[in-house]
Amino acid sequence: MRMADNQLKIEHKIFILKTFWKVENKAKVQRRFTRKFHMDVPSRPSISRIIAKFDEHGTLHNMRKGRSGRKRSSTSPTKEQEVIDNVLNSPRKSVRQLSRETGIPKSNVHRILKRSQFKSSIPSLVHALNEDDPDRRVEFCEWYLARCAGDDEFPLKIVWSDESTFKLNGSINRHNCTYWATENPHVTEEHHLNLSGVTVWCGLSARGLIGPFFFQDTVTGLNYLNMLQEFAMPRIQKTIWRRRVFLPEDGAPPIAT
């Protein structure tokens with residue numbers, strides 16, 4: 001049995017609309033509707049009318065003359081093309097920026113991009129590489145595999161560590177970046193070490209977590225060494241491994257002599 005439009009309550013229409021946005025398939029919407037409400041499913045034309053009504057008028061309620069409420073921004077083909085052109089010219093813009101520049105609600109902008117098969121990719125932060133860095137990475141991999149072959153517990157003796165600097169100078173934050181494209185462009189952004197700011201250090205091994213440790217001042221070779229001797233190594237020897245451990249360093253500054 002198929003349910004007529006006038007038999008659908010507002011909660012049914014909301015469920016239909018949200019489900020269609022997720023699955024974009026009317027047959028799946030019907031199946032999920034049945035599992036949710038245990039009643040006759042709406043027909044596919046009814047589902048199409050509900051979606052079209054919301055896109056055009058921004059409401060699921062019955063339309064009445066002189067109804068109150070903010071008028072929904074137009075999503076005409078011209079407006080849709082404006083969004084697409086904007087993304088093609090500036091693929092790093094967020095949905096919020098596109099909405100503000102085109103005058104189209106964020107939800108509509110997101111649907112336009114999704115219908116046009118645009119996907120949001122987050123740039124990967126990478127270190128600026130020196131000329132000999134690739135060879136050094138290969139050498140490290142070969143050394144690591146050789147040690148694992150000679151000692152089954154070798155991976156348990158390593159404490160991997162990294163630092164993150166929190167700055168107020170507008171330096172890139174990967175989670176606030178985006179890049180719109182129909183295919184993943186594998187966008188990368190370079191960042192540099194040892195900039196001023198509050199630095200947080202943390203160690204990680206197969207046996208547990210060490211840290212975090214907060215540097216209140218600029219990280220130097222001397223205070224980094226003090227952190228290792230007074231904070232990191234006692235905790236590593238107590239909770240991770242009492243014998244020899246390996247602590248790979250990632251761009252730590254040299255100690256001035």
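Colleague: Great. What should I know about the model itself?

Modeller: It is a predicted model, where local features need pLDDT of at least 70 and side-chain atom pairs count only at pLDDT 80 or more, while totals for chains, interfaces and linings use all residues. Residues are numbered from 1 along each chain as its sequence is written, and side-chain values use heavy atoms, with hydrogens and water left out.

Colleague: How many helices and strands are there in the protein?

Modeller: The protein has 8 helices and 9 strands. Both are DSSP runs numbered from the N terminus: helices are H or I with at least four residues, strands are E with at least two.

Colleague: And what share of the residues is buried?

Modeller: Of the 257 residues, 30% are buried. Buried means under 20% relative accessible area, exposed means over 50%, and partly exposed is in between, with a 1.4 Å probe and protein chains only. The accessible surface of the protein is about 17,400 Å², with 51% of that belonging to carbon and sulfur atoms. Those areas come from the Shrake-Rupley method with a 1.4 Å probe, and for residues only the protein chains shown count as cover.

Colleague: On to helix packing. At what angle do helix 4 and helix 5 pack?

Modeller: Helix 4 (residues 77-89) and helix 5 (residues 95-102) pack at about 130°, and their axes are 11 Å apart. That angle makes helix 4 oblique to helix 5. For the wording, under 35 degrees is roughly parallel, over 145 roughly antiparallel, 65 to 115 roughly perpendicular, and the rest oblique. The axes are lines fitted to C-alpha atoms, for helices over the stretch in contact, and angles run from 0 to 180 degrees between N-to-C directions.

Colleague: Which residues make that contact?

Modeller: Helix 4 brings Lys79, Glu82, Val83, Asn86 and Val87, and helix 5 brings Leu98, Glu101 and Thr102. By class, this contact of helix 4 with helix 5 holds 3 nonpolar, 2 polar and 3 charged residues. Nonpolar covers Ala, Val, Leu, Ile, Met, Phe, Trp, Tyr, Cys and Pro; charged covers Asp, Glu, Lys and Arg; the others, Gly among them, are polar.

Colleague: How do helix 5 and helix 6 cross?

Modeller: Their axes come within 9 Å and cross at roughly 110°, so helix 5 and helix 6 are roughly perpendicular to each other. Val95, Arg96, Leu98, Ser99 and Thr102 of helix 5 meet Lys106, Val109, His110 and Leu113 of helix 6. The contact of helix 5 with helix 6 divides into 4 nonpolar, 3 polar and 2 charged residues.

Colleague: And helix 2 with helix 3?

Modeller: The axes of helix 2 and helix 3 (residues 44-57) come within 10 Å, crossing at roughly 100°. Helix 2 and helix 3 are therefore roughly perpendicular to each other. Lys26, Ala27, Val29 and Gln30 of helix 2 make the contact with Arg44, Ile47 and Ser48 of helix 3. Here, in the contact of helix 2 with helix 3, the classes are 3 nonpolar, 2 polar and 2 charged residues.

Colleague: Switching to backbone: what kind of peptide bond joins Gly211 and Pro212?

Modeller: A cis one, with omega about 10°. Pro212 lies in strand 9 (residues 208-215).

Conventions. Contact = heavy atoms within 4.5 Å.
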